[in-house]
Amino acid sequence: MSISAVLKIGGHSCNAVISNEKEAFIKALNKLKPEMVGFSCLTGNHKWDLEIAGLVKENSDAITVFGGPHPTIYPEIIENNSVDIVCRGEGETAMLELARAIDEGQDYRKIKNLYIKDGKEVYKNEMRNLVDIETLPWYDRGLYRDDADYFQNKPIVVQTDRYCPNKCSFCLISVFSETYKGLGKFYRVRAVDSVIRELREIKIKYPGRPIHIGAESFNLNQRWFFEFLDKYSKEIKLPFICLVVADRLTEEQVIALKKANCEYLSFSPETGNEALRKTVLNKNLTNEQIYRAGELLHKHGVKFMIGSMLGLPGETL
């Protein structure tokens with residue numbers, strides 16, 4: 001949604017196709033006749049993406065671009081015949097430059113963040129500096145919500161930060177941070193007033209819809225957290241869900257969450273084995289801190305769920 005917003009401001013059209021039926025993609029190709037087809041690609045799902053990219057190649061002349069976590073970590077996916085370009089890391093600026101170059105018939109083989117296949121040669125371009133997230137437009141939510149029934153009753157995501165300062169061994173963010181080493185501040189947080197302005201617009205356009213605060217560690221920055229919730233409770237007050245870090249959760253925070261209309265929240269111990277959590281997952285969260293967080297949330301009537309993983313190294317089922 002962020003890349004679509006940037007492209008549209010840049011004068012380009014952008015559509016999304018949401019389906020698990022291959023025929024729907026062929027129909028969309030024939031109707032839209034795109035010059036470029038992008039895939040936001042996760043490991044595992046990349047197999048389906050490659051199948052659809054094959055259909056794109058068979059049924060159109062469109063350029064295929066693979067971005068997202070899997071191609072960023074494994075750009076060698078460009079070796080597949082169905083993939084023309086890989087976009088590594090943040091794609092807003094790179095995709096805008098690519099779209100502009102295609103429109104103008106210019107050479108785009110040297111655009112930063114992109115791996116570009118030209119015949120048998122692959123141009124592996126360096127990474128660009130991290131973007132200032134305050135300069136980005138708000139998400140193009142109409143890309144999905146105006147057309148797809150599935151999204152009509154889902155919480156609306158509002159991104160308040162980008163990435164996370166933690167280094168959990170299982171998380172792609174730890175790999176991303178190495179990819180972007182020396183290219184700017186990695187963990188970035190939006191200004192409170194900027195987020196509140198966006199929420200005001202959402203409240204008007206999608207009245208009564210719950211909000212999903214899209215922050216990896218919502219309660220990490222204490223000053224930001226309390227300033228945001230104070231303004232949210234006064235101006236927005238829509239039910240919301242969020243993700244917190246349990247070791248930073250205080251009673252004062254729980255009270256503020258309850259007052260602001262937090263419907264439920266989640267945190268992720270990942271495993272009940274504290275030793276595995278620390279040594280294998282590199283997550284410095286104690287069982288005592290988990291119990292304490294749960295007790296505080298129960299005390300003040302805030303619903304919560306936890307995230308866990310099964311089958312960790314050294315674990316038995």
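The stops that follow take in a surface patch, a helix and several aromatic rings.

Keep in mind throughout that this is a predicted model. Begin on the surface by selecting I73, Y74, L172 and V175, which form a nonpolar patch with about 320 Å² of accessible area together. Of these residues, L172 is found in helix α7, which covers residues 172–179, and L172 is partly exposed, with a relative accessible area of 32%.

Next, select helix α8, residues 192–205, whose 14 residues should span 20 Å at 1.5 Å a residue, in agreement with the 20 Å that separates its end C-alpha atoms. Within α8, colour V192, S194, V195, I196, E198, L199 and I202, which are buried, and then display β6 (156–159), β9 (211–214) and α9 (222–235), which are among the elements that cover the buried residues of this helix.

Now turn to the aromatic rings, of which the structure holds 13 pairs. Select F218 and W224, an edge-to-face pair with 6.2 Å centre to centre and 80 degrees between the planes; both F218 and W224 are buried. Extending the selection to F225, F226, F228, Y232 and F240 shows one aromatic cluster, to which F218 and W224 also belong.

For the last stop, select F267 and F304, whose ring centres lie 5.7 Å apart with the planes at 20 degrees, so that this pair is stacked. Because F267 lies in strand β11 (residues 262–270) and F304 in strand β12 (residues 303–308), the pair ties together parts that are 37 residues apart in sequence. F267 is buried, with a relative accessible area of 1%, whereas F304, at 28% relative accessibility, counts as partly exposed.

Key: Residues are numbered from 1 along each chain as its sequence is written. This is a predicted model: local features need pLDDT of at least 70, side-chain atom pairs count only at pLDDT 80 or more; totals for chains, interfaces and linings use all residues. Side-chain values use heavy atoms; hydrogens and water are left out. Patches are made of residues with over 30% relative accessible area and no salt bridge: like charges are joined within 9 Å, nonpolar side chains (Val, Leu, Ile, Met, Phe, Trp, Tyr) within 5 Å. Accessible areas come from the Shrake-Rupley method with a 1.4 Å probe; for residues, only the protein chains shown count as cover. A salt bridge is a side-chain nitrogen of Lys or Arg within 4 Å of a carboxyl oxygen of Asp or Glu. Helices (H or I, at least four residues) and strands (E, at least two) are DSSP runs, numbered from the N terminus. Buried means under 20% relative accessible area, exposed over 50%, partly exposed in between (1.4 Å probe, protein chains only). The expected span of a helix is 1.5 Å times one less than its number of residues. Contact means heavy atoms within 4.5 Å. Rings of Phe, Tyr and Trp (its six-membered ring) pair if their centres lie within 6.5 Å; planes under 30 degrees apart count as stacked, over 60 as edge-to-face and the rest as tilted.
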